[in-house]
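Colleague: I would like to go through this model with you one feature at a time. Tell me how to read each feature, then show me the case here.

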Amino acid sequence: MARSVLAAAARVARWADRALGPGGDSATTDGKATLSDATARRAAEALGLTVDQVRADWDTARLAGLIEVHGDSARPGWRLRAWDRDDSAVLRGWVALCDAWSLACPEPEDYEPAAVAEVVTAMPQVLSFLQLSAGPVPVPQLLDLLEQRVTELRTERCEVDYGPRPDAPGIPAVAPEPRPAPAADAPLQPLLDWALRALASVGALTYGEGQATLTPLGSWAVWVKLEQICVAAQSPAGNIEQGAEDMLRGCARLRPAAARAEYRAWLAARPVGSAVTELIAAARGEDALLRGLAFEALRVVGGPAEPEVRAALDEPALRPYALLWLAEHDGMDPEDAHEVLTRKEATWLWVDTAAAVADHGEAPLLLRHLETAVQPTVPALLDEVRAVGHPRTVQVLVALAAAHPDPAFAKAVRRAAFQVHKGG
């Protein structure tokens, strides 16, 4: 089902890989992520689609991590590279798209951003109710639940009446005027309709005839989030015969000491030169988790890896990792090694690590990672994250907004994700 939902996006992503990569035409005329008119028309002619379909599939491919835009060129994301051989990459791409459902369809006009943010924050409970219902649910029932949840959110923010109390000294007892229910401030029906249509557009549910039903794919995704299911670690047995990328994936869930033992066994089975080359190649991939693990394995290699690690300083994606490796190799305390990074390099590394956590970890781990940011305030963090130009910025911000319990924080992060998504 995930392959079916993402098939059109994957088709556009493969076209972009062929036509818009290095040496090809530009994806945009202004260096932003939206397709230029000329490129959209060219893609439509090549793929037999309308320009609107191409633009929609392009946006889906970007949100799902199937394609990444760098300046005026596009390149495939690691999920597209793994599309034919790794079902988990396809599922992770769909989950990333599902998490970004609020960016999939334009929201209703004339609604305050706060009201939209409240609905986005409340929808996980609506989805959970749909999952538990295991069948069609009438929209009026979902609207009641949404209104209750929005009321709870406002109550949690202490949006209460602080007017005079009848029992206060010196104030005459006057019956308070009845206040409308919070949901009555602005009708939630149009926002619920928007949310259900957006979730239907990404394949999470079906919506029509006054009712909504989770698809099996949507039900699976909700179940995974509710139960915080982690992908089972590949057994370390046999990793010694694997290539560097598969070996690193097999070690991803091992404890640090067990992983180092596996790295040593893997290194002992092959010439050190070719082993280092394989690890650097794995670090160049699109999976940020493998990038970090590859440099952990290179720490086990030690001195023989220094020439290739030093050469990696010229590659922006590897430079922060290489600087830390070299600092530690030169005897600096690992806790102080981050001092060798510039603010921009530290921010890029923070986003890259957050991408690894978002792809492979759990929400609490992503929230703990938030506390490691070097920026003293959330606005400063968002400004520098947006400026650093990491290709996974939108996905990281969407995942962070989905994981954070504070609606105000989540709203600010979603706004930043939307601005980056639109090329701002």
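Modeller: Keep in mind that this is a predicted model. Start with a contact between charged side chains: R55 and D37 form a salt bridge, with N and O 2.7 Å apart.

Colleague: Which residue forms a salt bridge with E384?

Modeller: That residue is R343, and the closest N and O atoms are 3.1 Å apart. E384 is in helix 18 (residues 378-388) and R343 is in helix 16, 41 residues apart, so to read this pair is again to read a link between distant parts of the chain. E384, at 24% relative accessibility, counts as partly exposed, and R343, at 42%, counts as partly exposed too.

Colleague: Which residues are linked in a network of salt bridges?

Modeller: R85, E245, R249 and D287 are linked in such a network.

Colleague: Let us turn to rings. How many aromatic pairs does a search of the whole structure find?

Modeller: The search finds two aromatic pairs. In one, the rings of W101 and W194 have centres 5.3 Å apart and planes at 50 degrees, so this pair is tilted. The pair links distant parts of the chain, 93 residues apart: W101 is in the loop between helix 5 (87-99) and helix 6 (113-133), and W194 is in helix 8 (residues 189-201). Both W101 and W194 are buried.

Colleague: How are the planes of F295 and Y321 set, and what is the distance between centres?

Modeller: F295 and Y321 are stacked, with 25 degrees between the planes and 5.6 Å from centre to centre. F295 is in helix 13 (residues 288-301) and Y321 in helix 15 (residues 319-329), and this pair links parts of the chain 26 residues apart. F295 is buried, at a relative accessible area of 0%. Y321 is also buried, at 9%.

Colleague: Which residue lies over the face of W83?

Modeller: R3 lies over that face, at 5.5 Å from the ring centre.

Colleague: Next, a helix. How does the reach of helix 1 stand against what is expected?

Modeller: Helix 1 (residues 2-19) has 18 residues and spans 25 Å from its first C-alpha to its last, close to the 26 Å expected at 1.5 Å a residue. The helix does bend, by about 45 degrees at A8. Its buried residues include L6, V12 and W15, together with several alanines, among them A2, A9 and A19.

Colleague: And how should I read a sheet?

Modeller: Strands of a sheet pair through backbone hydrogen bonds, either parallel or antiparallel. Here an open sheet of three strands has the order 3-5-4, with antiparallel pairing. Strand 3 (137-138) and strand 4 (205-208) are the edge strands, each pairing on one side only.

Colleague: Over how many bridges do strand 4 and strand 5 pair?

Modeller: Strand 4 and strand 5 (residues 211-214) pair over four bridges, in the antiparallel sense. G208 stands opposite Q211 in strand 5.

Colleague: Last, where does K422 lie?

Modeller: K422 lies in the segment after helix 20 (407-421). With a relative accessible area of 44%, K422 is partly exposed. From C-alpha to C-alpha, K422 and V394 are 10.0 Å apart in space, and in sequence they are 28 residues apart.

Note on methods. Residues numbered from 1 in each chain as written. Predicted model: local features only at pLDDT ≥ 70, side-chain atom pairs only at ≥ 80, totals over all residues. Heavy atoms only, no water. Phe/Tyr/Trp six-rings, centres within 6.5 Å; stacked < 30°, edge-to-face > 60°. Helix = DSSP H or I, 4+ residues; strand = E, 2+ residues; numbered from the N terminus. Buried < 20%, exposed > 50% of the residue type's maximum accessible area, 1.4 Å probe, protein only. Lys NZ or Arg CZ within 6 Å of the ring centre and 35° of its normal. Salt bridge = Lys/Arg side-chain N within 4 Å of Asp/Glu carboxyl O. Expected span 1.5 Å × (residues − 1). Bend = angle between axes of the 7 residues up to and from the residue. Pairing = 2+ DSSP bridges.
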